[in-house]
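Student: Hey, I've just opened this one in the viewer. Could you walk me through it?
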Amino acid sequence: MTTRFILSLGLVLGCAAPGMAAPQVAADIAPVHALVARVMAGVGAPALIVPPGASPHGHALRPSEAAALDRADVVFWIGEGLTPWLEDPIETLAGDAHVIELLGAGGSSVLAFREGLSFAANADDDHGHDDHAAEKGHDDHAHDDHAHDGADPHAWLDPANARAWLGVIAGELAERDPDNATLYAANATEAAAEIKALEADIAARLAAVRDVPYLVYHDAYQYFEARFGLVPTGALALGDAADPGPARIAALRDLARAEGIACVFTEPQFNSARVAAVFGDTARHGVLDPLGSRHAPGAALYPALIEDMAAALAECLGGR
Ligand SMILES: [Zn+2]
């Protein structure tokens, strides 16, 4: 076979590629997956690693998820602060992929973990401060050393970060797949404009309830709160630890009475009947879903989850 033939064969194959050679992309959690799906619209679809309903703080990789990592040319993830268990699989399975940690990406605004939210009601919390334990049950491979001393990883709940990441995602994909660079950029610009408009709606909607005190399930929401000027009073769970014990919940109920807490927000995976029973007539009960777990994974999930958060806060804090 002559060199010339190999060269022309390469050219022929190269010419056949555009449109067919969508890069294989994997994303860690549903909100990140949604942003990537939005940027890839018209080219391909990313794989989702942490399935709906699973906690990113502790999840055991399934074979299909491992295979998606193995196939990936590009991996987008928040970083090991959110999913410490995912660091090794990314290294071993996606070693040849381009891996982008969004928490460290240009344009992200990153907040340090806050300590104040868990306040003093911690008598029964000897299991507290292991941020990366599973939210349901304990997780022995948790990396306790990362707890509370780094960046708060729940950064996707600031829509401004989502907008910045759309640009990062489009840029990375364009590098891997230059033929579709224009489409990636256009998708990212359009999605960022949609999110920006949503932010304006939400800011207007939440303006009336900004000063209403509330409790959250776990301290995951400071990015959203900082963006929209809300001020929570406390969190039921310390860090991302296991469910709060009865003594802590009772102490929080006393605090709720003393501080005039209007609302207690749990999350979809938490047994909220327990909270409703404890807080009863002291405070209203709402649900915040930081992962958009009631929505099907896909491009529409991100705006839907931000919209849901705003609706839950406006309804419960507004007393409607
Ligand atoms: Zn969390």
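Tutor: Happy to! Keep in mind that this is a predicted model. Let's begin with Ala 151, which has 18 other C-beta atoms within 10 Å and is therefore partly exposed; a buried residue would need 20 or more.

Student: Where is Ala 151 found in the chain?
Tutor: Ala 151 sits in the loop that runs between strand β4 (98–101) and helix α5 (159–176).

Student: And which residues is Ala 151 in contact with, leaving aside neighbours within four places in sequence?
Tutor: There are Gly 81, Leu 103, Val 110, Leu 111 and Ala 112.

Student: OK, zooming out. How many helices and strands does the chain have?
Tutor: The chain has 10 helices and 8 strands. It has 320 residues, and 45% of them count as buried. Of the contacts between residues at least 6 apart in sequence, 68% link residues that are at least 24 apart.

Student: Let's switch to the open sheet of 4 strands. What order do the strands have?
Tutor: The order is β6-β5-β7-β8, and the pairing is parallel.

Student: Why is one side of β6 and of β8 left without a neighbour in the sheet?
Tutor: Both stand at the edges, β6 at 234–235 and β8 at 284–287, and each has a single partner strand, so one side of each has no neighbour there.

Student: How many bridges are there between β7 and β8?
Tutor: β7, residues 263–266, pairs with β8 over 4 bridges, in the parallel sense.

Student: Nice. Which strands does helix α10 lie across?
Tutor: Helix α10, residues 301–318, lies across β5 (214–216), β7 and β8, and runs at about 180° to β8.

Student: How do α10 and α6 cross?
Tutor: The axis of α6 (residues 181–206) comes within 10 Å of the α10 axis, and the two cross at roughly 5°. Angles under 35 degrees count as roughly parallel, so that is how α6 and α10 are described.

Student: Which residues make that contact?
Tutor: From α6 you have Glu 194, Ile 195, Leu 198, Ile 202, Arg 205 and Leu 206, while α10 brings in Pro 303, Ile 306, Glu 307, Ala 310, Leu 313 and Ala 314.

Student: And how many of the α6 and α10 contact residues are nonpolar, polar or charged?
Tutor: The contact of α6 with α10 has 9 nonpolar residues, 3 charged and no polar.

Notes
Residues are numbered from 1 along each chain as its sequence is written. This is a predicted model: local features need pLDDT of at least 70, side-chain atom pairs count only at pLDDT 80 or more; totals for chains, interfaces and linings use all residues. Two strands pair if DSSP finds at least two bridges between them. Two residues are in contact if their C-beta atoms, placed from the backbone, lie within 7 Å. Axes are lines fitted to C-alpha atoms, for helices over the stretch in contact, and angles run from 0 to 180 degrees between N-to-C directions. Angles under 35 degrees count as roughly parallel, over 145 as roughly antiparallel, 65 to 115 as roughly perpendicular and the rest as oblique. Ala, Val, Leu, Ile, Met, Phe, Trp, Tyr, Cys and Pro count as nonpolar, Asp, Glu, Lys and Arg as charged, and the others, Gly among them, as polar. A residue is buried if 20 or more other C-beta atoms lie within 10 Å of its own, exposed if 12 or fewer, and partly exposed in between; C-beta atoms are placed from the backbone.
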